[in-house]
Amino acid sequence: MNTSVTIAGVCFKNPVTTASGTFGSGMEYSNFVDLSQLGAVTTKAVASKPWEGNPTPRIAETYGGMLNAIGLQNPGVDVFIERDLPFLKKYDTKIIVNVVGKTIEDYCEVVERLSDCDVDMLEINISCPNVKEGGIAFGQSALSVENITREIKKRAKQPIIIKLSPNVTDITEMARAAEAAGADALSLINTITGMKIDVKRKTFVLANKTGGLSGPAIKPIAVRMVYQVYNSVKIPIIGMGGIADAMDALEFIMAGASMVAVGTANFYNPYATVMIADGIKEYMINNGVNDIKELIGCVN
Amino acid sequence: MQAIKKEFKVVKNTMLAADIYSMWLEAGEIAKNAVPGQFVSLYCKSGSRLLPRPISICELDKDKGIIRLVYRIAGGGTQELSQLKAADYVEAMGPLGNGFTLEGKKALLVGGGIGIPPMLELAKQLDCEKHIVLGYRDTTFLDNDFYPYGKVYISTEDGSVGTKGNVIDAILAHKLDADIIYACGPTPMLKGIKAYAEKMGIKAQLSLEERMACGIGACLGCVCKTTYIDSHSHVKNKRICKDGPVFYAEEVEL
């Protein structure tokens, strides 16, 4: 039975990774799961310098989901290279580094700093809805998606994944723009911009007012978008958005995702990633599937 | 110290006052490693409520392998928890965070509202002269449990019991002196304690609260502002769930 998938020449032992920002660099979760059981660890966003993030409250629970407005707090690429990368290298898993910046130059600086590091892929975050500069600002028009993809592609030594936002009129337009500019793969979806009001206090629950909605509540939207994008581009897709168990993951795979990322589920089930990887295997055994690739996009 | 996540059996879950509940759990694995000031995450059964509810440990009995959690109904999740009955099971993870450092010869323990419960196990374990100040809006709860462990002073906002006003008013009214202050309560109270401790030159340990998602230091949802660049985050933020919830007053900006 073959659970491995290859994206842009990188072979992953199984199709399960983590959604950026929900798993740190894996350190906290290594107490619960063996990171070597994962196809890849996708890190929290890394910027050229340390970022403070947003004021608190940064978290709000919603029906079947949650809002977050962390604001990409991170210790910067230097600390990532010195501390987090050596930690991840201890495990037999691939490393995908999520990259963010306030300007294209910022993104490129991180990409260049990582170019000689032992990192398998770079995921370019042009879809975080919680910061004023950078993030989603680059991901909401085809022109800017194309532009940033091209600039990063010129400098990146590793294959790049463009992480798309669902907060657009037509996600396939952004997907095609990224593909045209040389993206090696796409990941989707990032969170959906939302808001929660504290009715008692007559104010916003989040200090940032808006936050990104994630969790099971958004899964049908994410599956639909993966399906649409699969039918619009040729490059591989990493699907995510509310995956909580193996059946959820298989929905994304059947819609067209070559890999899946587990995000919010980590917060309430720190074992979720490995449980999902095992569950996919079990499904394959029970259904006589010899190669995971038979399932990718099989509903199309 | 590794936190355990599993289903634990409810021994008892009773109402102490309006919206305040006390739950004992058969949780030997948590009890044996826990220290005062740590917390556990409780998970709801309803899939509509995904995130754990962080609840401070009120008491622990290592011999019997049980822990006590006293919590306030703040919404649907804690409402659901309040309906649990003896012999029911509830999913929990703990112990989480860092507790209080036991120190000093003359301690002032200050709890405000739902910040009172963690002061109880602390009062039990602190082996020194103890003055305990408990602040309430109106109805008192858990106060009787403190009497065996120190001198207890109460403040109520409506003046129905003890000093009328807040915990600082009670501290001033009774001219309470200490070489260490331990405090847990709402942020305005902690601000007051921090300022008071600074003015009086008393060391203070504060237990903070914030909305959490993961509870284990990964999501960076529950950070607090620190007075210096933190060695983990490399910015002036510490994680309340992982680096706290207890901090020295001079470490944090409230």
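**Figure 1. Chain B has 6 helices and 16 strands.** The model is predicted. Its scores are ipTM 0.94 and pTM 0.95. For chain B, the mean pLDDT is 96. In that chain, 100% of the residues reach a pLDDT of 70 or more. The C-alpha trace of chain B spans about 50 × 45 × 35 Å along its principal axes. The radius of gyration of chain B is 17 Å. A compact globule of 254 residues would have a value near 18 Å, so the two agree.

**Figure 2. Chain A and chain B meet in a contact with 33 residues from chain A and 26 residues from chain B.** The chain B side of this contact, sorted by class, has 13 nonpolar residues. A further 8 are polar and 5 are charged.

**Figure 3. Helix α2 of chain A packs on helix α3 of chain A.** Helix α2(A) covers residues 104–114, and α3(A) covers residues 142–155. Their axes lie 9 Å apart, at an angle of about 25°. Because angles under 35 degrees count as roughly parallel, α2(A) is roughly parallel to α3(A). The crossing of this pair is right-handed. From α2(A), the contact takes Ile104(A), Tyr107(A), Cys108(A), Val111(A) and Glu112(A). They meet Ile148(A), Glu151(A), Ile152(A) and Arg155(A) of α3(A). By class, this contact has 6 nonpolar and 3 charged residues, with no polar ones.

**Figure 4. Helix α3(A) also packs on helix α4 of chain A.** Helix α4(A) runs over residues 171–180. The angle between α3(A) and α4(A) is about 30°, and their axes are 8 Å apart. The two helices are therefore roughly parallel to each other. α3(A) passes α4(A) in a right-handed crossing. On the α3(A) side, the contact residues are Ala142(A), Val145(A), Glu146(A) and Thr149(A). On the α4(A) side they are Glu173(A), Met174(A), Ala177(A), Ala178(A) and Ala180(A). This contact has 6 nonpolar residues, 1 polar residue and 2 charged residues.

**Figure 5. Helix α3(A) packs with α2(A) and with α4(A).** Residues of α3(A) that meet α2(A) include Ile148(A) and Ile152(A). Residues of α3(A) that meet α4(A) include Val145(A) and Thr149(A). The crossing with α2(A) is right-handed, and the crossing with α4(A) is right-handed too.

Notes:
Residues numbered from 1 in each chain as written. Chains lettered and ligands numbered in written order. Predicted model: local features only at pLDDT ≥ 70, side-chain atom pairs only at ≥ 80, totals over all residues. Contact = placed C-beta atoms within 7 Å. Nonpolar A, V, L, I, M, F, W, Y, C, P; charged D, E, K, R; others polar. Axes fitted to C-alpha atoms, helices over the stretch in contact; angles between N-to-C directions. Helix = DSSP H or I, 4+ residues; strand = E, 2+ residues; numbered from the N terminus. Parallel < 35°, antiparallel > 145°, perpendicular 65-115°, else oblique. Left-handed = near helix turned anticlockwise from the far one by under 90°. pLDDT = per-residue confidence, 0-100. Rg over C-alpha atoms; globule rule 2.2 N^0.38 Å.
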